[in-house]
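This report walks through selected features of one protein structure. Please keep the sequence and the model in view while reading.

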Amino acid sequence: MMPKLELHLHLEGAAPPAFIRAQAQRKSVDLSGIFDAQGNYSFRGFPEFLRIYEAACTVLTSPQDFHDLTLAVLEHSAAEGVIYSEVFLSPDFCGGGDLSAWRDYLAAIEAAAQSAEAQMGIVLRGCVTCIRHFGPDQSRKIARCAQETAGSFITGFGLAGDETVLHSKDFAYAFDAAREAGLGLTAHAGEWGGPASVRETLRDLRVSRIGHGVRAVEDPRLIDELAEAGAVLEVCPGSNIALGLYPRLKDHPIDRLRRAGVKVTVSTDDPPFFHTTLRREYDALAETFGWDTPDFDQITRNALDAAFCDAETRARIAARLEAP
Ligand code: ADE
Ligand code: ZN
């Protein structure tokens with residue numbers, strides 16, 4: 001199996017529905033409304049997806065829950081051939097943005113990552129992420145959590161949530177703080193917003209990576225600018241299709257962007273929500289666009305170059321790619 005790197009995965013969004021159901025049962029919380037008859041997450045469209053996602057998070061209430069979730073997620077990823085993964089971690093869902101609570105949750109997540117690395121060889125790094133629709137004030141608290149815990153495990157800072165509200169400049173303070181702390185920067189843009197949102201994000205937040213970014217394809221000048229700047233897109237085709245951004249993979253711009261010289265990577269975003277896995281994404285790209293081993297090798301190389309990790313970790317992952 002091809003060794004893979006994944007840069008765009010939300011930890012809570014990767015929670016298997018059975019895991020969330022078990023937590024709900026243990027805590028006597030009725031979450032039946034978020035599942036369909038088959039037991040999968042049930043939603044239509046992006047706003048409802050966000051509501052269901054946040055409802056699922058209400059039963060993740062302790063560091064131990066996040067420890068167990070991290071292990072469960074890494075088991076899935078390792079089974080897909082992932083050898084290096086970055087997860088978006090939201091202090092909002094780990095104690096509401098309180099720094100002292102966040103430290104406890106983070107210690108539990110890091111302990112799980114260490115045991116997963118020892119058992120399965122998968123390397124995990126964390127990207128502290130603020131949620132756009134929770135607002136700029138909350139993003140400052142989240143940035144503080146990131147600043148105070150930046151280090152060998154927390155290596156990045158991000159922005160997720162509802163792109164249709166507020167402006168990227170509203171989060172500039174948080175991103176400036178994260179940059180000063182030495183963190184790598186990424187923000188969701190060009191998913192529910194068009195090319196202007198991607199431009200604004202690059203200008204105001206000075207990120208090296210964009211989460212999704214696919215709607216840059218609507219502006220040929222922006223495509224060239226992204227290619228020239230070497231900006232990296234964390235593309236999640238299955239997520240875009242499940243949320244109705246494009247009807248089918250053959251309509252998705254990933255191949256056009258790549259052929260225009262934009263650095264793209266491939267991730268799953270929130271795999272159980274979108275009935276996907278990284279292997280399924282790769283298989284679908286091979287089938288739809290005829291991507292072959294050299295194409296996937298390029299995708300992997302893009303991810304390795306753009307990963308928010310130190311030089312020693314990058315070299316270790318590179319060596320494993322050369323001699324799997
Ligand atoms: N949070 C989890 N998945 C997301 C997505 N696809 N877009 C924005 N925020 C998210
Ligand atoms: Zn995402």
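How are H1 and H3 oriented to each other, roughly parallel or roughly antiparallel?

## Two packed helices

The axes of helix H1 (residues 17-26) and helix H3 (residues 63-79) cross at roughly 160° and come within 11 Å. H1 and H3 are therefore roughly antiparallel to each other. Angles under 35 degrees count as roughly parallel, over 145 as roughly antiparallel, 65 to 115 as roughly perpendicular and the rest as oblique. Axes are lines fitted to C-alpha atoms, for helices over the stretch in contact, with angles running from 0 to 180 degrees between N-to-C directions. The crossing of H1 and H3 is right-handed, meaning that the near helix is turned clockwise from the far one by less than a right angle. Helices (H or I, at least four residues) and strands (E, at least two) are DSSP runs, numbered from the N terminus.

## Basis of the model

This is a predicted model, in which local features need pLDDT of at least 70 and side-chain atom pairs count only at pLDDT 80 or more, while totals for chains, interfaces and linings use all residues. Residues are numbered from 1 along each chain as its sequence is written, chains are lettered from A and ligands numbered from 1 in the order in which they are written, and side-chain values use heavy atoms, with hydrogens and water left out.

Histidine 188 lies in strand E5 (residues 184-189) and aspartate 269 in the loop between strand E8 (263-266) and helix H11 (278-289), so the pair ties together parts that are 81 residues apart in sequence. Histidine 188 and aspartate 269 are both buried. Buried means under 20% relative accessible area, exposed over 50%, and partly exposed in between (1.4 Å probe, protein chains only).

## Salt bridges

The structure has 18 salt bridges, each a side-chain nitrogen of Lys or Arg within 4 Å of a carboxyl oxygen of Asp or Glu. One of them joins aspartate 204 and arginine 203, with the closest N and O atoms 2.9 Å apart. Aspartate 204 is buried at 16% relative accessibility, whereas arginine 203 is exposed at 58%.

Aspartate 305 and arginine 301 also form a salt bridge, at 3.7 Å from N to O. Both residues lie in helix H12 (residues 293-306), 4 residues apart, about one turn of the helix. Arg26, Lys27 and Asp65 are linked in a network of salt bridges. Arginine 26 belongs to helix H1 and is exposed, with a relative accessible area of 59%.

## Positive phi angles

Serine 28 is not a glycine, yet its phi is positive, at about 55°. Serine 28 sits in the loop between H1 and helix H2 (45-57) and is exposed, with a relative accessible area of 67%. Leucine 166 also has a positive phi, near 60°. Leucine 166 lies in the loop between strand E4 (154-160) and helix H6 (172-180) and is partly exposed at 38% relative accessible area.
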